[in-house]
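Thanks for coming, everyone. Let me put the structure up, and then we can walk through it together.

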Amino acid sequence: MAEEIINRIANSKLVTLDLEDFYPKGQRIVFDIKDWLYEELILKEKDFRDYVEQHDWSQYKNTYIALTSSVDAIIPSWAFMLITSKLTPFANTVTVGNLDTLETVIYQNIINNLPLEDYKDKPIIVKGCANKPIPESAYTLLISKLQPIAKSIMFGEACSTVPLFKKK
């Protein structure tokens with residue numbers, strides 16, 4: 001008679017943390033203001049304000065927005081602030097930059113709001129393979145957040161982890 005196979009990993013106190021599980025739904029949009037610039041070069045305040053007032057901001061409900069200018073123009077800070085003031089009632093997140101910057105900001109918010117009590121004094125495996133665009137910076141933010149409270153932190157899969165930290 002064969003012995004019963006026991007899954008020691010499933011019975012251990014290991015906690016697997018997959019950042020992909022926290023990936024929020026919602027379209028990511030790069031909002032380029034170049035078309036609102038005079039000759040794609042100069043921001044004329046009156047014209048710019050007219051574009052902002054006439055634009056339908058409700059179309060950005062539950063989206064994540066990266067504000068940018070893809071042309072080499074000097075954009076005053078207030079321009080992005082003005083657009084953000086219109087997007088705030090609709091968009092989940094607004095930042096200035098590209099999609100990588102946007103994902104970093106999204107994950108910074110997620111990691112800052114992680115319920116740390118779920119990970120206190122536990123061995124943690126941070127899963128590394130993801131199908132969604134998890135920024136590299138999310139992993140560094142995560143270890144900074146978990147290291148003060150975790151028993152140990154490893155990276156990879158339960159069958160083959162790379163040790164990163166162990167409380168002494």
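What is the strand order in the open sheet of three strands? The order is β2-β3-β4, and the pairing is parallel. Before I go on, please keep in mind that this is a predicted model.

Let's stay with that sheet. Its edge strands are β2 and β4, and β4 covers residues 93-96. Each of those two edge strands pairs on one side only. Neighbouring strands here are turned against each other by 20° on average, with direction ignored.

Now look at one pairing in this sheet. β3 and β4 run in the parallel sense and share four bridges. For a landmark, find Y64, which stands opposite T93 in β4.

Which strands does α3 touch when it packs on this sheet? It touches β2, β3 and β4. The direction of α3 makes about 160° with that of β3. Helix α4, residues 99-112, also packs on the sheet and touches β2, β3 and β4. The direction of α4 makes about 130° with that of β4.

Next, the helix pairs. Two packed helices are described by the angle between their axes and the distance between the axes.

Take α2 and α3. Helix α2 spans residues 45-54, and helix α3 spans residues 77-87. They pack at an angle of about 20°, with axes 10 Å apart. Angles under 35 degrees count as roughly parallel, so α2 and α3 are roughly parallel to each other. Their crossing is right-handed.

Who makes the contact? From α2 we have E45, F48, R49, V52 and E53. From α3 we have W78, A79, L82, I83 and K86. Sorted by class, that contact has six nonpolar residues, four charged ones and no polar ones.

Now the other pair, α4 and α5. Helix α5 covers residues 136-146. α4 and α5 pack at an angle of about 20°, and their axes are 9 Å apart. With the angle under the cut-off of 35 degrees, α4 and α5 are therefore roughly parallel to each other. The crossing of α4 past α5 is right-handed.

Which residues of α4 meet α5? They are T104, Y107, Q108, I111 and N112. On the α5 side, the partners are S137, A138, L141, L142 and K145. By class, the contact of α4 with α5 has five nonpolar, four polar and one charged residues.

On to the other sheet. How many strands are in the open sheet with mixed pairing? There are four, in the order β1-β5-β6-β7. Why is one side of β1 and of β7 left without a neighbour in the sheet? β1 (15-17) and β7 (160-166) stand at the edges, and each has a single partner strand, so one side of each has no neighbour there. From one strand to the next, the twist averages 30°.

Let's take the pairings in turn. β1 pairs with strand β5, residues 123-126, in the parallel sense over three bridges. In that region, T16 stands opposite I125 in β5.

At the other end of the order, strand β6, residues 152-157, pairs with β7 in the antiparallel sense. That pairing has six bridges. S152 has K166 in β7 as its bridge partner. β6 and β7 form a hairpin, with two residues between them.

One last topic: aromatic pairs. How many does a search of the whole structure find? It finds nine. One of them is F31 with Y60, an edge-to-face pair. The centres are 5.8 Å apart, and the planes make 70°. This pair links distant parts of the chain, with its two members 29 residues apart. F31 sits in strand β2, residues 28-32, while Y60 is in the loop between α2 and β3 (64-68).

That's the tour. Questions are welcome.

Notes:
Residues numbered from 1 in each chain as written. Predicted model: local features only at pLDDT ≥ 70, side-chain atom pairs only at ≥ 80, totals over all residues. Heavy atoms only, no water. Pairing = 2+ DSSP bridges. Axes fitted to C-alpha atoms, helices over the stretch in contact; angles between N-to-C directions. Parallel < 35°, antiparallel > 145°, perpendicular 65-115°, else oblique. Left-handed = near helix turned anticlockwise from the far one by under 90°. Contact = heavy atoms within 4.5 Å. Nonpolar A, V, L, I, M, F, W, Y, C, P; charged D, E, K, R; others polar. Phe/Tyr/Trp six-rings, centres within 6.5 Å; stacked < 30°, edge-to-face > 60°.
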